[in-house]
Amino acid sequence: MESARLFALAQEAAKASYSPYSKFRVGAALLCSDGSVFTGANVENRSFGLTICAERSALVAAVSAGKRDFVGIAIATPDADYPVSPCGACRQVLSEFLKPEAPIVFGSSPAKLVEATVGQLLPSDALHELADR
Ligand code: THU
């Protein structure tokens, strides 16, 4: 699947964002090696630190459905006027399952897409020798 299509699914996923505190919607679309796609949105909480990012929502949904092999992920942040990259926690969690070469596409709109890899966003990956990916 091309990254523009995956990004469109991330944009759609952002519509389900529960973000009454930040009012910052995020959607993620995770492409599995079998071609299936799992999406997620950010889910906030009145105890702010319990917020779950869109990337982790998508990953947890996919892994909970039995998926383990992933090709890449797209992240849509429609409320930003610049491309917002995944937070540090999500970079670490994504790196558990996605290879360092896996693409991460992110942007606020299809016209402003940035593509990076897991390895670029998480260099000097700690404990990489323990990860099965
Ligand atoms: N957020 C994500 O869902 N993913 C990111 O990569 C950055 C931040 C969410 C968390 C919070 O609900 C809102 O965006 C503002 O930080």
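Predicted model: local features only at pLDDT ≥ 70, side-chain atom pairs only at ≥ 80, totals over all residues.

Residues are numbered from 1 along each chain as its sequence is written, and side-chain values use heavy atoms, with hydrogens and water left out. Helices (H or I, at least four residues) and strands (E, at least two) are DSSP runs, numbered from the N terminus.

First, the helix pair. Two packed helices are described by the angle between their axes and the distance between the axes. Here the pair is α2, residues 54–64, and α3, residues 88–95; their axes come within 9 Å and cross at roughly 20°. Axes are lines fitted to C-alpha atoms, for helices over the stretch in contact, and angles run from 0 to 180 degrees between N-to-C directions. Angles under 35 degrees count as roughly parallel, over 145 as roughly antiparallel, 65 to 115 as roughly perpendicular and the rest as oblique. So α2 and α3 are roughly parallel to each other. Their crossing is left-handed, meaning that the near helix is turned anticlockwise from the far one by less than a right angle; clockwise would be right-handed.

Which residues in α2 and α3 meet? From α2 they are Glu55, Arg56 and Leu59, and from α3 they are Ala89, Cys90, Val93 and Leu94, where contact means heavy atoms within 4.5 Å. The residues of this contact divide into five nonpolar, no polar and two charged. For that count, Ala, Val, Leu, Ile, Met, Phe, Trp, Tyr, Cys and Pro are nonpolar, Asp, Glu, Lys and Arg are charged, and the others, Gly among them, are polar.

Now burial. Buried means under 20% relative accessible area, exposed over 50%, and partly exposed in between, with a 1.4 Å probe and protein chains only. In α3, the buried residues are Cys90, Leu94 and Ser95. Seen down the axis of α3, these fall within an arc of 135°, so they line one face of the helix; the arc is that of the directions from the helix axis to the C-beta atoms. Their cover includes α2, β3 (70–76), β4 (103–107) and α4 (118–121).

In α2, Ala54, Glu55, Ser57, Ala58, Leu59 and Ala62 are buried. The buried residues of α2 pack against β1, β2 (37–41), β3 and α3. After α2 comes Gly66, with a positive phi near 100°.

Next, positive phi outside glycine. Lys23, in the loop between α1 (3–14) and β1 (27–32), has a phi near 55°. Is Lys23 buried or exposed? Lys23 counts as exposed, at 61% relative accessibility. The other case I will show is Leu127, in the segment after α4, with a positive phi of about 65°. Leu127 has 57% relative accessibility and counts as exposed.

Last, some C-alpha separations. Gln92 is in helix α3 and is partly exposed, with a relative accessible area of 39%. Its C-alpha atom is separated by 9.3 Å from that of Leu121, 29 residues apart along the chain. In helix α1 there is Arg5, partly exposed at 44%. The C-alpha atoms of Arg5 and Ala74 are 69 residues apart along the chain and separated by 9.3 Å. Glu12 is also in helix α1, partly exposed at 47% relative accessibility. From Glu12 to Ala126, 114 residues apart along the chain, the C-alpha separation is 33 Å.

That is what I have; questions are welcome.
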